[in-house]
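Keep the sequence at hand.

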Amino acid sequence: MKHLITITTTTCAAALLLTFLTETSTYAASKTKTIGVKSPDGRTEVIVTVAGDVRYDIVSNGDTLMSGNKVALRLADRTLGESASVRSSRITTVRETVRPDFKLKFAEVDNSYNLLTLTMKGDYRILWRVYDDGVAYRIETELPGKVEVLEEVAEFNMPGCENIVGQIADGIETDCEEIYTIEKTSQLDAGQIWEIPFIATYPDCKVLVSEFDLEDYPALFVKPYGDKSVKAFHSLNPVKFAPDDDRTLKIVEYSKGIAEVSGTRAFPWRYMLITGDDRKLAENRMPMRLAPKSRTDISWIKRGQTTWDWLNGIPFGPGIDFKGGINLETYKYYTDFAARNGVSYILLDEGWALDTENPYETNPELQLPELVEYASSKGIGVMLWLPWLTVEKNIDKLFGTFESWGIKGVKIDFMNRLDQWMVNYYERVAEEAARHHIVVLFHGAFHPGGLEYRYPNVLSYEGVRGLEFCARCTPDNTVFQPFIRNAVGPMDFTPGMMECRHSEHYGGGRPETPAVGTKASQLAQIVAFESGIQMLADNPCRYDVYPDCRDFMCRVPVEWDDTRVLAGALGEYYVVAKRSGDVWYIAGINNSTARDVTLNLNFLGDGVTGKMISFTDGPVADEIAMDYRQSYQDKVDSSDTITIHMARNGGYAAVITR
């Protein structure tokens, strides 16, 4: 049976007209069914086989990338996906355009795919979306009451895969800040726990594996279990805690399973972005395609940049006639800097409260009410840092109190877990904060999983080895971020240092923290890294020493109408052009090997001309990381080609205005 249906849809991101073609087949009970569904361009196919259990293969451009991946959900009283029987199948062709509420990469995204829906005996469905550039699947159930999930079976069997690139966790309690590792799939250790996202590399393509629409369910790890194979691994659900310290709790008892959930629900998407071009990894559109609907009013939410005091908090130098520290004079100084330079927020990190366990007793030298009033008079929002446990103990009244104080945002830290209880904590915080018009930045956090779409007041997540790691944050690791971690959602890397060193010259740390890498690379990171709240990690006094750098960085937006990755290779270098309105920014970041990259400016569009300001590594930047040059071009257009040089640990940044 075929049906041609035209409807108008409204999702988490408003959609255009949607047309789809449906084919439905109903099966009598039989032992084996094989059903294939191809991508719109026909180059990628998912082949599902139901023969007792449910498995699927992914074939792309003639190559089998995944083979015999088992899909099942082991519940306390039954297993969905074993002894399986198909009631019906349906293939639906979807064509729509989605417009995300927060333009992290794009103002709009094409969402065209073919959908296979298998309705199974036992009141559950399995859905596969097949895109030109990827595959996503999820399980949906219609079971009564509550169910306990003992295990999710999600296999990634990769017969042709050569390497896995990702982070190996130290354990199930992790801040997701480990360095990136490249492991041969033939040498994987069954004792390893790999974090999501990871990349599987093949001779002719790469596959980015991640998850989305994570709700009331633990976040995903994977563990090796056979030759060139990994499978889902989840933390058990904690049910009993004991005091540990003022920032966390010790888990003293787990349930038997990974989650207790409603029997009628959709489980998270597991998705695989497939590309033969490394640049497309960083342009990942899958989160926007799979994004859930917003559950809160978004009209009040303000995204932008913020100052930050933790790494380089003490102002000093000419014109500063007060003693810097956690006091009113210092933060008025930060506020004045933010107001002069169009920065949206100031963030007060640890020390604004006398005791991290008591968020209502503030440091008297800070005079917080006066500071908030002063900042508000200049259009600047105040954000406050808190340990997650303090928020948890005070969640019923904390955000209401902060709203009455005039606080506009919170940075919440040290969650360091991925279990169901903690995933639900994120949700409760986001919902309660939204109720009181407060934006949220999660540190000590796992990867973005869709909460930032349900509650767009969640502006960013850490879960990255950023500049606060000082000498341990190296360009050789940082250059992976656009292709893996930042590819799946907003990332708080805390870029923008003005003091820069190469690793062998580092010798620094708080409170005058340099970065490893060149100054041009620091300017580039402000553009390259995507976040709804972008940190300016250095002190205003150091930005004011370099007004050319300051003026460039403070004008970089955090929302983008278009993103074009111009050049790049996983773990080597990354060059991107981003458009906000009619202004284009270009950013390049490099590993420890110097290189030249030739760029075509045809992204500007036919007939478009502009003026370009560039920041490049200086002639001795390979030795002295502080060496940079600013240059001007009165006219560039879409026919121009430029060659940029990036020193070792270097970078490039530019802005093109009409």
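Buried means under 20% relative accessible area, exposed means over 50%, and partly exposed lies in between, with a 1.4 Å probe and protein chains only. Helices (H or I, at least four residues) and strands (E, at least two) are DSSP runs, numbered from the N terminus. This is a predicted model, in which local features need pLDDT of at least 70, side-chain atom pairs count only at pLDDT 80 or more, and totals for chains, interfaces and linings use all residues. Residues are numbered from 1 along each chain as its sequence is written, and side-chain values use heavy atoms, with hydrogens and water left out.

Start with helix α10, residues 519-528. Ten of its ten residues are buried, so α10 is largely enclosed by the rest of the structure. Among them are Lys519, Ser521, Gln522 and Gln525, along with Leu523, Ile526 and Val527.

What does α10 pack on? Six strands form an open sheet with antiparallel pairing, in the order β36-β37-β38-β43-β40-β41. Two strands pair if DSSP finds at least two bridges between them. The edge strands, β36 (562-569) and β41 (628-637), each pair on one side only. Neighbouring strands of this sheet are turned by 15° against each other on average, direction ignored. Helix α10 packs on this sheet and touches β37, β38 (583-590), β40 (609-617), β41 and β43 (651-657). The direction of α10 makes about 125° with that of β38. Axes are lines fitted to C-alpha atoms, for helices over the stretch in contact, and angles run from 0 to 180 degrees between N-to-C directions. Contact means heavy atoms within 4.5 Å.

Now turn to another pair of strands. β39 (residues 595-600) and β42 (residues 641-646) pair in the antiparallel sense over six bridges. Asn600 has Thr641 of β42 as its bridge partner. The covered face of β39 holds Arg595, Val597 and Leu599, and the uncovered face holds Asp596, Thr598 and Asn600.

Next comes a parallel sheet. Seven strands form an open sheet in the order β32-β31-β30-β29-β26-β25-β35, with parallel pairing. Its edge strands are β32 (458-461) and β35 (533-536), and each pairs on one side only. The twist averages 25° from one strand to the next. β31 (residues 439-442) and β32 pair over three bridges in the parallel sense. Val440 has Val458 of β32 as its bridge partner.

Two helices come next. α3 (residues 328-341) and α4 (residues 368-377) pack at an angle of about 15°, with their axes 10 Å apart. That makes α3 roughly parallel to α4, a label for angles under 35 degrees; over 145 counts as roughly antiparallel, 65 to 115 as roughly perpendicular and the rest as oblique. Leu328, Tyr331, Lys332, Thr335 and Asp336 of α3 make the contact with Glu370, Leu371, Tyr374 and Ala375 of α4.

Which residues touch Thr494? Leaving aside its neighbours within four places in sequence, Thr494 is in contact with Trp308, Leu467, Glu468, Met535 and Ala537. Thr494 lies in the loop between α9 (475-478) and β33 (500-501). It counts as buried because its relative accessible area is 2%.

Now look at the backbone. Most residues other than glycine have a negative phi, and most peptide bonds are trans. A cis peptide bond joins Ile196 and Pro197, with omega about 5°. Pro197 is found in the loop between β16 (194-195) and β17 (198-201). The peptide bond from Arg510 to Pro511 is also cis, with omega near 5°. Pro511 is found in the loop between β33 and β34 (515-516).

Is Ser83 buried or exposed? Ser83 has a relative accessibility of 73%, so it counts as exposed. Its phi is near 50°, a positive value in a residue other than glycine. Ser83 lies in the loop between β7 (79-80) and β8 (86-94). Cys470 has a positive phi too, near 55°. Cys470 is in the loop between β32 and α9, and is buried, with a relative accessible area of 15%.
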